Amino acid sequence: MSTPLPARRRFIGITAAAAALSLAPGALRLAHATSRPQPAQSINPITWRGVALGADAELRLYHPSPAFAQRLLHQALAEIHRLESLFSLYRHDSALAQLNRQGHLAHPPADLVRLLSESTHYSRLTGGAFDPSVQPLWNLYAQHFQQAGANPAGPAPRALQKALKRVGYQHIHISRSHIRLQQPGMALTLNGIAQGYITDRITDLLRAGGLPRALVDLGEIRGLDDQPGSAPWRVGLAWPDQPNQTHTTVAIHNQALATSGGYGTPLDPAGRHTHLFNPRTGHAQPRHRSVSVLGGTATMADALSTAFSNMPLADTAPLVQQLGLTAWFVLADGTVQIQGSPPPAQS
């Protein structure tokens, strides 16, 4: 049985630097966008806060008509609920849970086919550093550390090798009519990409509905800014050991940002093992303390921040350049290294 991943802690803070909407930036704080009181003529956002796929979530919709924004908000929440019913490991009746139980799924939902196809695309792009089939590793580590007197070094090498035989994106067969896991005991998790995918789908829904400006924060962040002259969102990247303090502030304008850090979800009491598994070795100790990726879509940023957590900088640099990304790495020694071209508003 697949064990769901616990809710991840948040290491991104957001403020609205929206001069065009008469919003004075407020104090940067973790996970939520804040602003000082606005002049009467400015647009007050319709705001929702809750939980999506186990993470704190927030939507801010800006439109002159509150009723219009409210209708779009209801549509967005319904879509979040629908997509959660496909991708969640928490829900016994989700399409993903059914696939993991059965090892195959006939007539799969189109969104599951699309997301798994994107997942395997990023698996190939990163040479397997991103792999949605690492759920057997999560199950192994979870079961190991639930035992009294568990070896703090982690599962035994023999058990780890047995679990690794059930890991490999190459063994996922995907078609419009059928999804099949081709190795016995395989199981998938979309926790490294689903939040980004849902963020993109909600952003697309709001744009198609006629909304000119929104903040979509569903575990990963995307700013919608189709209003001419609108100022960007300012996003703070937090230090791993001091989540209320930021090491960098980045402006995003029709872009997405995702951060991965193993420190947020330790699997053992000492915090030595995390949910960021290396699909090649099975180890649960990522190379970097945190990785943030800024890109054109939240799906891409989510998948690559996950993959980059276990990749050497020499291997990430060509991908950052090829895809036009910016990436921030908090290294093991606590220093920050940037790859790509930092946005001009960074501070």
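N254 is partly exposed, with a relative accessible area of 27% (buried is under 20%, exposed over 50%, partly exposed in between, with a 1.4 Å probe and protein chains only). N254 has a positive phi of about 55° although it is not a glycine, and lies in the loop between β11 (246-252) and β12 (256-260). Helices (H or I, at least four residues) and strands (E, at least two) are DSSP runs, numbered from the N terminus.

H107 is likewise not a glycine and has a positive phi of about 50°. H107 sits in the loop between β5 and α3 (110-125) and counts as exposed, at 69% relative accessibility.

## Basis of the model

This is a predicted model, in which local features need pLDDT of at least 70 and side-chain atom pairs count only at pLDDT 80 or more, while totals for chains, interfaces and linings use all residues. Residues are numbered from 1 along each chain as its sequence is written, and side-chain values use heavy atoms, with hydrogens and water left out.

## Strand β7 and its partners

Strands pair if DSSP finds at least two bridges between them. β7 (residues 178-181) runs antiparallel to β5 (residues 104-106), joined by three bridges; here A106 stands opposite H178.

Three bridges also join β7 to β6 (residues 172-174), again antiparallel. H173 has R180 as its bridge partner in β7. Three residues separate β6 and β7, which form a hairpin.

## Helix α6

Helix α6 (residues 194-208) has 15 residues and reaches 21 Å from first C-alpha to last, close to the 21 Å expected at 1.5 Å a residue; the expected span is 1.5 Å times one less than the number of residues. Of its 15 residues, 11 are buried, among them Y197, I198 and L206. G210, with a positive phi near 100°, follows α6.
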